[in-house]
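Me: I am new to this structure and would like to learn how to read its features step by step. Could we begin with the pairing of charged side chains?

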Amino acid sequence: MSMFMGIDTAASGLTAERLRMDVISNNIANANTTRTERGGAYHRRYVVFEPREKNKHGISFSSFMDKSMSKLEAGEGVRAVMIREDDEQGPLVYDPGHPDANAQGYVERPNVNVVAEMVDMITASRAYEANATSINAAKSMVSKILDIGK
């Protein structure tokens, strides 16, 4: 096990959570967008994570959990696999004067719940802080190890 494995693992979490915060920020920024380039209202997006593996062949999540539970080894971190779009239709609001209204006078609003997005943003922020704290603790331990040799 490498002395810097903990730092590398936490750094992967920092990168993943930063991307998650960027996607959440984009969702909040588009909470009122009723027209996109593809047409229709904006649909919220979310990041899909998976465990990062040393071997690039990839294994299923269940076999990863079995391996982790049986050997109690530290993980290799996390990586963002993709950014997905939530296909759920947003609420329809009756506004016949709106330029994006359909023939019946309804406008599809984005399926972004700002309160839920803020909760997700706080969660991502706390996870980011936890990873940063982990890196600082690892740096402190390495520094103490180097002080022992003096």
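Reply: A salt bridge is a side-chain nitrogen of Lys or Arg within 4 Å of a carboxyl oxygen of Asp or Glu. Side chains of opposite charge can pair when their charged atoms come close. In this model, which is predicted, the side chains of Glu 17 and Arg 20 form such a salt bridge, at 3.1 Å from N to O. Both residues belong to helix α1, where they stand three residues apart, about one turn of the helix, and both Glu 17 and Arg 20 are buried.

Me: Which parts does the salt bridge between Arg 44 and Glu 117 tie together?

Reply: The side chains of these two residues meet at 2.8 Å, N to O. Because Arg 44 lies in the loop between α1 and β1, while Glu 117 lies in helix α3, the pair ties together parts that are 73 residues apart in sequence. Arg 44 counts as buried, at 17% relative accessibility, and Glu 117 is buried too, with a relative accessible area of 2%.

Me: At what angle do helix α1 and helix α3 pack?

Reply: Two packed helices are described by the angle between their axes and the distance between the axes. Helix α1, residues 5-29, packs with helix α3, residues 114-148, at an angle of about 160°, and their axes are 9 Å apart. Angles over 145 degrees count as roughly antiparallel, and α1 and α3 are therefore roughly antiparallel to each other. The residues of this contact divide into 15 nonpolar, seven polar and six charged.

Notes
Residues are numbered from 1 along each chain as its sequence is written. This is a predicted model: local features need pLDDT of at least 70, side-chain atom pairs count only at pLDDT 80 or more; totals for chains, interfaces and linings use all residues. Side-chain values use heavy atoms; hydrogens and water are left out. Axes are lines fitted to C-alpha atoms, for helices over the stretch in contact, and angles run from 0 to 180 degrees between N-to-C directions. Helices (H or I, at least four residues) and strands (E, at least two) are DSSP runs, numbered from the N terminus. Angles under 35 degrees count as roughly parallel, over 145 as roughly antiparallel, 65 to 115 as roughly perpendicular and the rest as oblique. Ala, Val, Leu, Ile, Met, Phe, Trp, Tyr, Cys and Pro count as nonpolar, Asp, Glu, Lys and Arg as charged, and the others, Gly among them, as polar. Buried means under 20% relative accessible area, exposed over 50%, partly exposed in between (1.4 Å probe, protein chains only).
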